Amino acid sequence: MCGVVGYVGPRQAGPILLDGLQRLEYRGYDSAGLAIHNGSGMSLHKVVGRVQRLRELLDADPVPGSSGIGHTRWATHGRPTEENAHPHLDCDGEIALVHNGIIENADQLRSRLTPGGHSFRTETDSEILAHLIEDATGSTLEERVARALPHVEGTYGLAVVSRSEPGKIVVARKGSPILLGLGDGEYFVASDAAAILEHTRSVIYLDDGDIAAVTMAGYSIVDGYAQVQDRIVSDIDWELGTVELGWAPHYMLKEIFEQPETVLSTLRGRLRPDEGTARLHGLNLSAAQAAAIERVVIVACGTSWHAGLIGRQVIEQLAALPVQVEYASEYRYQPQLALPNTLTVGISQSGETADTLEAMRAARRAGSRVVGIVNVVGSTIAREADGGIYLHAGPEIGVASTKAFTSQITALLLLGLHLAHARGVPTDEGRELVREMLEIPARIEQVLRLNTRIRDIARIYADAGNFLYLGRGVNFPVALEGSLKLKEISYIHAEGYPAAEMKHGPIALIDENMPVVFVAPTDPVYQKVVSNIQEVKARGGRIIAVCTEGNDDLRALVDHQLWVPAVPPLLSPLVTVIPLQLLAYHIAVLRGCDVDRPRNLAKSVTVE
Ligand code: AGP
């Protein structure tokens, strides 16, 4: 996904656009550009690489002008080159456009426009939009945009300016987020609020099909039927500080250390200790509807899918409901069984992941009720779902998801308690669990004190070529998550497996060069994990074990022990995953990797 930002107002647009792009860089960071209107003409600047390079360019040669648009890119069509960077122009540079999304029929449109004399400069799909608008008739830019977009198949969050209408930005949304920021005599457009929060907290989230024209005089919004719309103005409730790096060298480390607070804010106001349950009004599920649910389907991708695997065990154990967990990218193309009395839960930090969104839409078409567990307020999944649970974990900037994962697990525990209560499942276990959940933030604080020790262990293994992560029960998904974290930020090949599965193949990989991380808290399957540890030890594997405080049994068997506080088994992923996040972080730092902007990745994958 890419980042889009725009400004119209009395101030110089350059610095405002650059700051906004820097805050959106987690969305995509292989090239960047902007177009600024100085009242008589437009100047365009594009670079390959980071926004910082664009800033250096403008510092060296400032660009005057009080309106403009900017873009930071995550390449989907066309290599990350200066030419392919946005903004894109029409034939004679009258129109400049930035786009987030995918134009699926770009080739057809290009071959339709070429005979009419249009010449294309880039390998991108997005460029076609500038030429379509150029080709459209209309007396205003917004009219031409409205006439051009019906030809487009695909998704877009776009912003466009024209030479002949200085001080105006037209934006449009279909499938990719765009919001308006309402300032004092000035206006902003952006892919998400992080880009403009330092200027205003008042935003309007555009709906799919909306087209808005913004000038210093104000804004107007029409929907897909050219009907004037009066959209709700929302207030952003999180602080700029949450998107500032502050004390931390990297957002990932900052977000790892935020987890005591973020888990607490996911819990805040939702636990009912006396009843041993959770109240989730946002789910928008009546007691009768909740009681009527016969099965749950969880759809998600990446780290969110790992949270889903834990969610299955939580909901099955607490609410005695059958749960299936599906890779959203696979599920969306599977033939949909009729799903009455089925609750489909889409888990997504960003709320914009295309595969998860489409899997939820497919489930709805098959008759399922669809709810979302989402972090980003106002995101597409949050707005399309029948109800949901917001994580309230604050913006997650590091591409490698950390605090969202523990908040997703917390939300799934709340959902399990809620469904158990609605289905009249006895609440004794619930009361115990609720009491323990209130202690989790303090438990996580304790685990974070292992940071230095984990950094020392990371020094030993930073040059490893491979890693194996093993766990059982609710800690098998934790092993998967630990291996994903290491893969995505250190580029070391790592695999997560159910510990017992190791004997059916991966054990062949074990020798003195293979570090093996065991997630081995004291729980009903602990003794089984100990046998697996012995099997690895017998083949000379180097073992790092995450185990429960006070458990010294493993001293002779493993190379490194990381003790975490004792918690009920269903809560253990909330403490056992933290050392794995820190291990991946420190190894990546020691290998000189760009921890917050790992290669080839984007914070949310809004394309298929
Ligand atoms: C996790 O660190 C990755 N960034 C990635 O796997 C991510 O979890 C996945 O793309 C899903 O994103 P979402 O939660 O925003 O839908």
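Visitor: What makes Leu-470, Met-502 and Phe-518 count as residues that Val-536 touches?
Guide: Contact means heavy atoms within 4.5 Å. Not counting residues up to four places away in sequence, Val-536 touches Leu-470, Met-502, Ile-510, Val-516, Phe-518, Gly-541 and Ile-543. Keep in mind that this is a predicted model, where local features need pLDDT of at least 70 and side-chain atom pairs count only at pLDDT 80 or more, while totals for chains, interfaces and linings use all residues. Residues are numbered from 1 along each chain as its sequence is written, and side-chain values use heavy atoms, with hydrogens and water left out.

Visitor: Why is Val-536 called buried?
Guide: Buried means under 20% relative accessible area, exposed means over 50%, and partly exposed is in between (1.4 Å probe, protein chains only). Val-536 has a relative accessible area of 0%, so it is buried. You'll find Val-536 in helix α17, residues 526-538. Helices here are DSSP runs (H or I, at least four residues), strands are runs of E with at least two, and both are numbered from the N terminus.

Visitor: And why is Leu-601 called partly exposed?
Guide: Its relative accessible area is 27%, so Leu-601 counts as partly exposed. Leu-601 sits in the segment after α18 (573-590). Leaving aside neighbours within four places in sequence, Leu-601 is in contact with Tyr-29, Trp-74, Val-399 and Glu-488.

Visitor: What makes a set of residues a nonpolar core?
Guide: The members are buried Ala, Val, Leu, Ile, Met, Phe, Trp, Tyr and Cys residues, joined through side-chain atoms within 4.5 Å. The largest one here has 91 residues, and those with the most contacts inside it are Val-296, Leu-419, Phe-467 and Leu-583. A second, separate core of 26 residues includes Tyr-7, Val-47, Val-63 and Phe-188. In soluble globular proteins, nonpolar side chains tend to be buried together.

Visitor: Why is the pair of Tyr-7 and Phe-188 called tilted?
Guide: Rings of Phe, Tyr and Trp (its six-membered ring) pair if their centres lie within 6.5 Å; planes under 30 degrees apart are stacked, over 60 edge-to-face, and the rest tilted. By this rule there are six aromatic pairs. For Tyr-7 and Phe-188, the centres are 5.3 Å apart and the planes are at 50°, so this pair is tilted.

Visitor: What makes Ala-320 exposed?
Guide: Ala-320 has a relative accessible area of 52%, so it is exposed. Ala-320 lies in the loop between α9 and β19 (323-327), and its phi is near 50°, again positive in a residue other than glycine. Most residues other than glycine have a negative phi, and most peptide bonds are trans.

Visitor: Which peptide bond is cis?
Guide: The one from His-86 to Pro-87, with omega near 5°. Pro-87 lies in the loop between β4 (67-73) and β5 (88-89).
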